[in-house]
Amino acid sequence: MDNKLSLPAIILAAGKSARFWPLNARHKSLLKIMGKPLIWYTINALREIGIGDIIIIQGPSRDIEIELNPFNLKNINYAIQPQADGMSGAMFAAQAFIKSGQFIVVHAHSVDCASICVQLFQKSLATKSKIILAGQETTEPWLYGCARFDGDRLQEIVEKPIAGAQPSNIKIIGAYLLDISYFDYLKKVRGTVHFNKEFEAAISVCAAQNDVRLVLLEKNYPTISFKYPWHLFNAQKYLFDKFLTQSQIDPSAQIAKNAIIEGNVFLGANCRIYEGAVIKGPCYIGANSIIGNNSVVRGYCNLEENSLVGALCETARVIFQSNVHVHSGYLGDSIFDSGVRVGAGAITANVRFDRSSIFARVQKEQNGIKAISPVDTGLTSLGTIIGANSKIGVRTTFMPGRFIGNNCRISPGQVIMHNLEDNNII
């Protein structure tokens with residue numbers, strides 16, 4: 001069957017991404033991998049399956065539009081969601097662009113949405129149902145909207161259920177095939193529940209009166225969750241494996257004769273690789289970046305433009321946004337937002353003594369109540385995540401899974417045992 005869809009798509013890109021702190025200085029879909037924001041890859045995935053008209057819902061700052069403007073994308077319409085009133089508010093902002101028929105809805109970070117959207121459309125053709133959702137088994141149903149269903153018929157979505165009281169362990173994946181009639185149900189539930197639950201409530205009302213189907217993805221079907229900042233590693237690996245399939249070295253890059261470059265490595269314009277440096281791919285190193293003498297950059301490293309890895313530094317599986325400078329030391333399994341500066345001798349401890357799973361303290365919400373709570377990351381290797389424009393003094397050591405907020409200052413020689421909120425000084 002032809003996997004091309006002649007449908008419009010709505011991309012939701014106006015949320016505050018509170019759980020993505022400290023990488024939420026801007027919308028999380030603007031984080032870059034291989035020189036492009038995540039939302040670019042989502043648009044590309046939709047184009048791959050033939051979707052032409054795309055409506056992007058952004059916030060009043062218009063940051064999405066500004067970031068995408070240099071890419072000269074065609075057939076993109078932008079709508080403003082004036083206030084943070086959930087997915088339902090975003091849908092109302094998009095309504096003027098949807099005149100009839102079916103349409104796709106995805107989140108801005110849904111870089112892997114292409115095959116799921118095709119499955120939704122195929123299910124619609126097979127069942128004649130106009131509204132199709134995708135679900136997948138999860139061990140953390142309280143983080144998601146969970147499906148109550150009978151066979152492949154959706155009965156209800158319970159948004160972020162209380163642990164132990166969920167209707168099933170099937171979470172709703174953030175890709176939806178909806179019909180113009182959905183807006184009528186959304187208007188019916190408007191104001192009857194908290195705005196964060198209106199989108200799902202409208203689907204539940206629709207399912208009670210109509211044939212709404214569920215595509216159940218296999219447990220091991222590769223999907224990318226994007227609830228917490230460490231989930232960026234999964235998106236990076238997916239994109240590296242899909243797009244970084246061979247080396248690409250710009251002719252203007254300057255590489256010392258005894259530097260070693262192995263595997264799939266991208267070197268952007270005017271990069272400088274100094275004597276004794278070792279780069280082992282897959283790695284992406286953006287334009288105007290520097291890898292200093294006898295440094296090592298290895299294994300799924302993403303260094304955006306104007307990055308500096310100084311002499312005698314080892315980086316492993318890190319994601320640097322633009323204009324990050326680090327010096328001697330070891331930085332592993334860590335994410336640094338734009339403008340971060342790290343002094344010489346810094347160490348990110350990325351493994352516990354007992355080699356068990358690493359917990360991180362993040363913002364959680366249950367029944368409208370927000371709190372900072374420990375969350376099992378499911379990772380046995382996780383360093384630190386640092387927000388934009390923070391400055392770290394020499395010989396600073398970070399314990400595994402500790403986060404530093406935006407615009408922080410840490411004086412030399414500190415051992416970071418706890419998170420540091422935005423705009424703080426140690």
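**Close-up views of a predicted model**

**View A. Lysine 128 is exposed, with a relative accessibility of 66%.** The model shown here and in the other views is predicted. Lysine 128 belongs to the loop between α4 (114–127) and β7 (131–137). Its phi is positive, at about 70°, although the residue is not a glycine.

**View B. Asparagine 270 is a residue other than glycine with a positive phi.** The phi value of asparagine 270 is near 65°. This residue sits in the loop that lies between β15 (265–267) and β16 (272–273). With a relative accessibility of 41%, asparagine 270 counts as partly exposed.

**View C. A cis peptide bond links tryptophan 21 to proline 22.** Omega for the bond between tryptophan 21 and proline 22 is about 10°. Proline 22 is located in the loop between β1 (9–13) and β2 (32–33).

**View D. The peptide bond from glycine 281 to proline 282 is cis.** Here omega is near 10°. Proline 282 is placed in the loop between β17 (278–280) and β18 (283–285).

**View E. Helices α3 (residues 86–94) and α5 (residues 182–189) cross at roughly 130°.** The axes of α3 and α5 come within 11 Å. The crossing angle of roughly 130° makes α3 oblique to α5. The crossing of α3 past α5 is left-handed. On the α3 side, the contact is made by Ser88, Met91 and Phe92; on the α5 side, Tyr182, Phe183, Leu186 and Lys187 take part. By class, this contact between α3 and α5 has five nonpolar residues, one polar residue and one charged residue.

**View F. Eight strands form an open sheet with parallel pairing.** The strand order is β12-β15-β18-β21-β24-β27-β32-β35. β12 (248–249) and β35 (402–404) stand at the edges with a single partner strand each, so one side of each lacks a neighbour in the sheet. At the β35 edge, strand β32 (residues 384–386) runs parallel to β35 and is joined to it by three bridges. Threonine 384 has arginine 402 in β35 as its bridge partner. Helix α7 (residues 232–243) packs on the sheet, where it touches β18, β21 (301–303), β24 (319–320) and β27 (335–336). The direction of α7 makes about 95° with that of β21.

Methods: Residues numbered from 1 in each chain as written. Predicted model: local features only at pLDDT ≥ 70, side-chain atom pairs only at ≥ 80, totals over all residues. Heavy atoms only, no water. Helix = DSSP H or I, 4+ residues; strand = E, 2+ residues; numbered from the N terminus. Buried < 20%, exposed > 50% of the residue type's maximum accessible area, 1.4 Å probe, protein only. Axes fitted to C-alpha atoms, helices over the stretch in contact; angles between N-to-C directions. Parallel < 35°, antiparallel > 145°, perpendicular 65-115°, else oblique. Left-handed = near helix turned anticlockwise from the far one by under 90°. Contact = heavy atoms within 4.5 Å. Nonpolar A, V, L, I, M, F, W, Y, C, P; charged D, E, K, R; others polar. Pairing = 2+ DSSP bridges.
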